[in-house]
Amino acid sequence: MATRPITPLLDRVHSPADLKNFTDAELHRLAGELRAETISAVSETGGHLGAGLGVVELSVAIHAVFETPRDKLIWDVSHQCYPHKILTGRRDRIRTLRQPDGLSGFTKRSESPYDPFGAAHSSTSISAALGFATARDLGGNIPSGLGDAIAVIGDGSMSAGMAYEAMNNAGHLGKRLIVILNDNEMSIAPPVGAMSSYLSRLYAGAPFQDLKAAAKGALSFLPEPFYEGARRAKDMVKHVTIGGTLFEELGFDYVGPIDGHDMDMLLSVLRAVKARADGPILIHAITKKGKGYAPAEAALDRGHGVGKFDVVTGAQKKAPSNAPSYTRVFADALLQEAAEDDRITAITAAMPDGTGLNLFAERYPSRCFDVGIAEQHAVTFAAGQAAGGLKPFCALYSTFLQRGYDQIVHDVAIQRLPVRFPIDRAGLVGADGATHAGSFDIAFLANLPGFVVMAAADEAELKHMVATAVAYDEGPIAFRFPRGEGVGVEMPERGEVLEIGKGRIISEGSRVALLSFGTRLQEVEQAGEALARRGIIPTIADARFAKPLDCEMILELARNHEALITIEEGAIGGFGSHVAQLLADEGVFDKGLKYRSMVLPDTFIDQASPRAMYAVAGMNAEDIEAKVLDVLGVAQIGAARA
């Protein structure tokens with residue numbers, strides 16, 4: 001076990017109320033200890049490191065000034081909440097982060113009263129905080145009480161329309177609401193430090209309305225180079241001067257930018273806001289992702305998501321794998337296709353690395369589009385490209401695709417536009433838990449007329465499906481694949497175009513047919529081997545397509561077997577439901593077929609390893625074997641036959 005940091009001040013903190021006993025100087029030192037503890041904990045568990053390090057001072061200052069949990073602190077996305085969890089009575093469990101039965105890597109209402117609103121997807125915090133503010137003003141009653149509502153939202157999350165919808169509504173209602181814009185995309189330059197020193201003197205005792213004047217007037221006291229730096233010309237607020245014009249037009253008082261790592265400044269501003277705000281206010285804090293830990297600061301992603309690592313060097317402790325990741329297989333296959341078809345484009349919503357499209361962007365920068373955290377826009381943007389004769393691949397995680405569902409229906413499916421949807425992180429994903437589990441895409445896509453829905457059984461199949469999607473121009477087409485490494489199958493030199501709606505028989509047997517959709521095929525084959533030792537040889541098939549179904553193959557399996565079992569890494573209402581509809585329509589059940597569908601259970605499964613999560617779901621090899629034995633009425637007691 002690595003040596004734990006020495007934290008005499010942090011050792012005195014058992015709840016945020018303890019921070020009231022600290023001097024401002026002690027709060028500054030406490031932030032250093034909190035940063036060290038966060039680094040130490042994440043080195044043992046893995047997780048989101050850089051985001052938390054960027055808000056250490058903010059976490060301390062907010063809890064020191066406000067009265068949580070009566071005041072509702074809502075972290076947008078909440079992957080930056082580890083320091084918050086340490087300060088709110090969960091330090092003794094912080095090294096269980098993202099582990100089975102441990103702390104969630106995100107805020108979670110059932111975990112603590114200091115987590116008033118759960119999150120894991122972006123841009124929800126301002127809406128939720130406004131909801132708490134209206135509940136407060138309308139006499140809402142909850143055990144911890146209702147005080148101020150504080151939303152901490154990153155500049156990346158501000159690229160999503162929902163954040164602006166919430167701000168527009170908040171400005172209209174005019175309720176007291178505090179939004180802290182955690183702006184970490186640009187490193188803190190000298191001008192911000194100079195202006196911070198000036199503003200901190202003004203904020204301490206000035207009337208509240210002077211806060212805005214201070215932010216605007218500070219520019220006149222700065223040299224020209226500092227003035228330019230302080231303008232913060234970024235994509236998100238490129239038309240916004242220091243006066244916060246955009247936010248003021250939405251009805252918010254605007255304060256900033258301020259140095260989000262200057263404890264004296266943060267405390268002064270937050271105390272003034274708490275004492276004097278009478279409507280919605282936005283505090284623009286400049287922070288640095290990965291702050292205070294050199295390996296994170298030096299990393300391209302500032303240590304966004306890390307595995308277990310060595311604290312001294314920052315080197316991650318990851319076991320080598322002989323198989324490529326599914327994401328890399330997709331990325332390489334798309335590059336191979338794009339080299340021969342210049343109409344292929346790639347679209348991602350703020351996840352170029354996670355989807356593998358960073359490689360596409362390097363090779364074909366003019367054909368790759370990162371639209372920010374804006375999945376709705378991404379889908380309709382892709383639809384427009386498809387209508388214009390391009391071949392867009394709109395690559396999104398399964399759970400993020402959910403955010404653009406209306407656009408999938410209205411802008412893509414109804415118009416039968418050939419948008420290609422590579423769906424990463426399909427199925428259960430492990431440590432990120434229920435919020436990131438790709439459980440529903442089969443069901444919500446396969447019920448749309450004219451949609452082609454595929455699932456890769458292995459990395460070679462994924463390469464074939466990329467080629468198939470390139471060749472298909474009749475309408476929208478999606479293919480799903482899981483997180484992590486492939487199974488190590490031999491890879492083809494080039495993907496082949498699959499016949500739409502045609503599955504494949506893996507092995508012939510009798511009595512029972514196992515029809516797999518997706519990467520459970522490996523578990524199905526293991527179950528088949530175990531059943532063979534009992535003298536039961538199942539037929540094993542890979543559906544490849546949930547829509548259109550391979551009706552001929554499915555009906556043949558139904559006619560020639562006593563039982564048919566489908567297996568998929570998706571929720572109720574997906575592939576198995578479509579198969580059941582086919583069998584019912586064809587009157588197969590009237591002829592005595594025993595049909596079962598193995599799907600994810602009707603519950604959200606908490607974080608664990610993917611295998612452990614699938615064990616909870618009852619979808620591993622031993623579960624499939626047990627299902628077969630139950631359907632066939634074979635006793636499961638006793639050893640399997642050799």
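Student: What makes Phe330, Phe393, Phe479 and Phe481 a cluster?

Tutor: In this predicted model, ring pairs link Phe330, Phe393, Phe479 and Phe481 together. Rings count as a pair if their centres lie within 6.5 Å.

Student: How many aromatic pairs does the structure hold?

Tutor: The structure holds 13 aromatic pairs. One of them joins phenylalanine 517 and phenylalanine 575.

Student: Why is the pair of phenylalanine 517 and phenylalanine 575 called stacked?

Tutor: The ring centres of phenylalanine 517 and phenylalanine 575 are 5.1 Å apart, and their planes stand at 20°. Planes under 30 degrees apart count as stacked, and the pair is therefore stacked.

Student: Which parts does this pair tie together?

Tutor: Phenylalanine 517 belongs to strand 14 and phenylalanine 575 to helix 22, so the pair ties together parts that are 58 residues apart in sequence. Both phenylalanine 517 and phenylalanine 575 are buried.

Student: What do the buried residues of helix 21 pack against?

Tutor: Those buried residues are Met553, Ile554, Leu555, Leu557 and Ala558. They pack against strand 13, strand 14, strand 15, strand 17 and helix 22. Strand 14 and helix 22 are the elements that hold phenylalanine 517 and phenylalanine 575.

Student: How do you know that the charged end of arginine 520 sits over the ring of tyrosine 614?

Tutor: The charged end of arginine 520 is 3.8 Å from the centre of the tyrosine 614 ring. The distance limit is within 6 Å, and the charge must also lie within 35 degrees of the ring normal. Arginine 520 is placed over the ring of tyrosine 614 accordingly. Likewise, arginine 367 lies over the face of tyrosine 364, at 4.4 Å from the ring centre.

Student: Why is helix 1 called oblique to helix 11?

Tutor: Helix 1 and helix 11 pack at an angle of about 120°, with their axes 10 Å apart. Angles of 65 to 115 degrees count as roughly perpendicular and those over 145 as roughly antiparallel. The angle makes helix 1 oblique to helix 11. Their crossing is right-handed.

Student: Which residues meet where helix 1 and helix 11 pack?

Tutor: Asp24, Leu27, His28 and Ala31 in helix 1 meet Met263, Asp264, Leu267 and Arg271 in helix 11.

Student: Why is glycine 251 called partly exposed?

Tutor: Glycine 251 has a relative accessible area of 35%. Buried means under 20% and exposed over 50%, with partly exposed in between, so glycine 251 is partly exposed. Glycine 251 lies in the loop between helix 10 and strand 4. Beyond residues up to four places away in sequence, glycine 251 touches Gly171 and Pro280.

Conventions. Residues numbered from 1 in each chain as written. Predicted model: local features only at pLDDT ≥ 70, side-chain atom pairs only at ≥ 80, totals over all residues. Heavy atoms only, no water. Buried < 20%, exposed > 50% of the residue type's maximum accessible area, 1.4 Å probe, protein only. Helix = DSSP H or I, 4+ residues; strand = E, 2+ residues; numbered from the N terminus. Contact = heavy atoms within 4.5 Å. Phe/Tyr/Trp six-rings, centres within 6.5 Å; stacked < 30°, edge-to-face > 60°. Axes fitted to C-alpha atoms, helices over the stretch in contact; angles between N-to-C directions. Parallel < 35°, antiparallel > 145°, perpendicular 65-115°, else oblique. Left-handed = near helix turned anticlockwise from the far one by under 90°.
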